[in-house]
Amino acid sequence: MEMSGMRIIGEMRFPGCPEIVRDVRTYIASWLVMELPETADDHDLLDNVRLLASELAANAIKHTVSGRWGRGSFRVRMLLGAGQARVEVVDQGWWSGPRLRDDPLGSCGRGLHLLAAMVTKWGVRRHWLGRIVWFELPVQVHTVARRELDRRSMWHDDP
């Protein structure tokens with residue numbers, strides 16, 4: 001499974017309305033910076049995480065029941081591990097998967113092309129009531145490893 005060795009650092013359910021996408025951007029960046037404060041200075045990483053999470057949230061709202069039903073919602077989850085930050089958007093779109101449009105230069109439908117060009121890997125996984133669209137971006141391995149060591153040493157006194 002792709003999530004092996006990753007741990008959740010943030011998760012939240014959002015209502016399926018377009019104006020909520022700005023909140024997704026805020027939470028995604030906050031989760032990463034709270035867990036790895038050094039990433040606050042990595043503007044490229046933060047901008048990429050915000051942009052790509054926004055694209056997936058907007059797709060969930062526009063193309064699934066998450067945004068078409070009055071009580072629709074979607075969930076955003078961020079995981080961290082092995083030098084990768086992973087963002088997952090869980091929506092109510094189980095009957096079909098996202099598709100890359102034939103015209104990447106068209107006036108719409110460029111989000112998945114952008115995603116595919118910018119990330120280490122991405123994919124779609126079905127679950128019992130929808131689907132999970134996810135992507136991974138690299139974070140500095142030494143940052144993740146050092147943070148994990150610091151956390152462990154807080155709980156153990158070495159003689």
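Glutamate 11 is partly exposed, with a relative accessible area of 37% (buried stands for under 20% relative accessible area, exposed for over 50% and partly exposed for values in between, with a 1.4 Å probe and protein chains only). The model is predicted, and local features therefore require pLDDT of at least 70 and side-chain atom pairs pLDDT 80 or more, while totals for chains, interfaces and linings use all residues. Residues are numbered from 1 along each chain as its sequence is written, and side-chain values use heavy atoms, with hydrogens and water left out.

The side chain of glutamate 11 meets that of arginine 75 in a salt bridge, at 2.8 Å from N to O (a salt bridge is a side-chain nitrogen of Lys or Arg within 4 Å of a carboxyl oxygen of Asp or Glu). The pair links distant parts of the chain, since glutamate 11 lies in strand β1 and arginine 75 in strand β2, 64 residues apart (helices, H or I with at least four residues, and strands, E with at least two, are DSSP runs numbered from the N terminus). Arginine 75 is itself partly exposed, at 21% relative accessibility.

A further salt bridge joins the side chains of glutamate 88 and arginine 77, with an N to O distance of 2.6 Å. Glutamate 88 belongs to strand β3 and arginine 77 to strand β2, so this pair ties together parts that are eleven residues apart in sequence. Both glutamate 88 and arginine 77 are buried. Through shared partners, salt bridges unite Glu11, Arg75, Arg77, Arg86, Glu88, Lys121 and Glu136 in one network.

Across the whole structure, nine salt bridges are found. One of them is formed by arginine 7 and glutamate 35, whose closest N and O atoms are 3.0 Å apart. This pair also links distant parts of the chain, with arginine 7 in strand β1 and glutamate 35 in helix α1, 28 residues apart. Arginine 7 is partly exposed, at 25% relative accessible area, whereas glutamate 35 counts as buried, at 12%.

In soluble globular proteins, nonpolar side chains tend to be buried together. The largest nonpolar core here has 32 residues, among which Ile28, Leu32, Phe74 and Val76 touch the most other members (such a core is a set of buried Ala, Val, Leu, Ile, Met, Phe, Trp, Tyr and Cys residues joined through side-chain atoms within 4.5 Å). At least two residues of this core come from each of β1 (7-15), α1 (21-35), α2 (43-63), β2, β3 and β5 (130-138). Helix α2 gives the most, with nine residues. Apart from neighbours within four places in sequence, isoleucine 28 is in contact with Val49, Arg50, Ala53, Val76, Met78 and Val87 (contact means heavy atoms within 4.5 Å).

Alanine 82 is placed in the loop between β2 (73-81) and β3 (84-91). The phi of alanine 82 is near 50°, a positive value in a residue other than glycine. Alanine 82 counts as exposed, at 70% relative accessibility.
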